[in-house]
Amino acid sequence: MPLSNWLPAFPGLSWLPYVVALWMLLTFLSSYVTAVVLGHVVPALPYISDTGTLPPESCVFGQMLNIAALLVGFLGYSRYKQLCHYQPHPLVNKLLLFVVVIAAFGASLVANFQEKNVIVVHVIGAFAVFGGGNLYCLVQTFVSYRLVDRLGTKRTCHIRAVLSVLQTVLLTIMSTLTSVSFSRLREWDPDADPMHWVNTWPGYDIHIAAATAEWLLGIVLVLYFLTFSADFRLFSLDLVMRAANDEYVMGVGGDSLSSLANREA
């Protein structure tokens, strides 16, 4: 039975972007609250990764972010199958799938390689998440405008365009200011712990601006995923179990990823 039968307010796959968004926000907030309560970071304002560096919050952050990576991968695959139905630039669609998988894999790297353990891998994962996510949203926005007469509305396209541009701006600000603030801190004291960056240390204001940009970047990315909900209302995904001799097929779930209107026809 399709999950949407249990959630009549969310037909098709429209529930999936909400699950992804809610889970990602819970991941960020749970690790932040735990890290602040235990005194592992200063309340205003740590980087997202700082809140998932030390145990026990690193355990919670890692587990939840791994699940978030799987959810994002599933969301990206569902969008890929949906666009296959309209066949807008198959090569571009495959590129989008590749990019979202890289971004999801980057989230897994961030989850499993904390910044105080393997900083190089952690940073690579972070740029895969935010850089890959930004590229994915920019190209998805382009595809959305090309399909506006068949899938989605111009209003949704405009929202995606604004969010995509905002992501690009925030990513640029975060990357630039993070580099500048850390450079000033290291010049002052190479052993200073940036997880306890206080306002008397050099580069504090720049650090706050960079961390704010990172949090906003994560929120904007979540909001972009939510825009897929309307497009997914008329689509669902089947899980098909097929025997090796092809004599027995069992479908689990609802309609295949094709328009319900086509099914009725």
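A residue is called buried when its relative accessible area is under 20%, exposed when it is over 50%, and partly exposed in between, using a 1.4 Å probe and protein chains only. By that rule N93 is buried, with a relative accessible area of 3%. This is a predicted model, in which local features need pLDDT of at least 70 and side-chain atom pairs count only at pLDDT 80 or more, while totals for chains, interfaces and linings use all residues. Residues are numbered from 1 along each chain as its sequence is written, and side-chain values use heavy atoms, with hydrogens and water left out.

Start with the overall layout. The chain has 8 helices and 2 strands. Helices (H or I, at least four residues) and strands (E, at least two) are DSSP runs, numbered from the N terminus. In sequence order the pattern is α-α-α-α-α-α-α-β-β-α. The chain has 265 residues, and buried ones make up 46% of them. Its accessible surface comes to about 13500 Å². Carbon and sulfur atoms hold 68% of that surface. Areas come from the Shrake-Rupley method with a 1.4 Å probe, and for residues only the protein chains shown count as cover.

Next, contacts. Contact means heavy atoms within 4.5 Å. Among contacts in the chain with a separation of 6 or more, 68% join residues 24 or more positions apart.

Now look inside. In soluble globular proteins, nonpolar side chains tend to be buried together. A nonpolar core is a set of buried Ala, Val, Leu, Ile, Met, Phe, Trp, Tyr and Cys residues joined through side-chain atoms within 4.5 Å. The largest one here has 50 residues. V20, M24, L65, V72, L75, F225 and F228 touch the most other members. Six helices each supply at least two residues of this core: α1 (15–37), α2 (57–86), α3 (90–112), α4 (119–146), α5 (154–188) and α6 (204–226). Helix α2 gives the most, with 10 residues. Take V20 as an entry point. Leaving aside neighbours within four places in sequence, V20 is in contact with L71, V72, L75 and F225. There is also a second, separate core of 5 residues, which includes L185, A192, W197 and Y204.

How do α1 and α2 pack? Two packed helices are described by the angle between their axes and the distance between the axes. Axes are lines fitted to C-alpha atoms, for helices over the stretch in contact, and angles run from 0 to 180 degrees between N-to-C directions. The axes of α1 and α2 come within 9 Å and cross at roughly 165°. The two helices are therefore roughly antiparallel to each other. The crossing of α1 past α2 is left-handed. That term applies if the near helix is turned anticlockwise from the far one by less than a right angle; clockwise makes it right-handed. The residues that meet include L16, V20, W23 and M24 in α1, and M64, I67, A68 and L71 in α2.

At 26% relative accessibility, W23 counts as partly exposed. Beyond neighbours within four places in sequence, W23 is in contact with M64, I67, A68 and L71. W23 and I67 are 44 residues apart along the chain, with their C-alpha atoms separated by 8.5 Å. A21 also lies in α1. A21 counts as buried, at 5% relative accessibility. Not counting residues up to four places away in sequence, A21 touches V222 and L226.

Between α1 and α2 runs a loop that holds L45 and P56. A cis peptide bond joins A44 and L45, with omega about -10°. The bond from P55 to P56 is also cis, with omega near 5°.

Move on to α3 and α4. N93 is in α3. Not counting residues up to four places away in sequence, N93 touches Y80, L83 and C84. H122 lies in α4. At 4% relative accessibility, H122 counts as buried. Leaving aside neighbours within four places in sequence, H122 is in contact with S49, V110, F113, Q114 and E115.

Finish with α5 and α6. Their axes come within 8 Å and cross at roughly 155°. That makes α5 roughly antiparallel to α6. The crossing of α5 past α6 is left-handed.

Note on methods:
Parallel < 35°, antiparallel > 145°, perpendicular 65-115°, else oblique.
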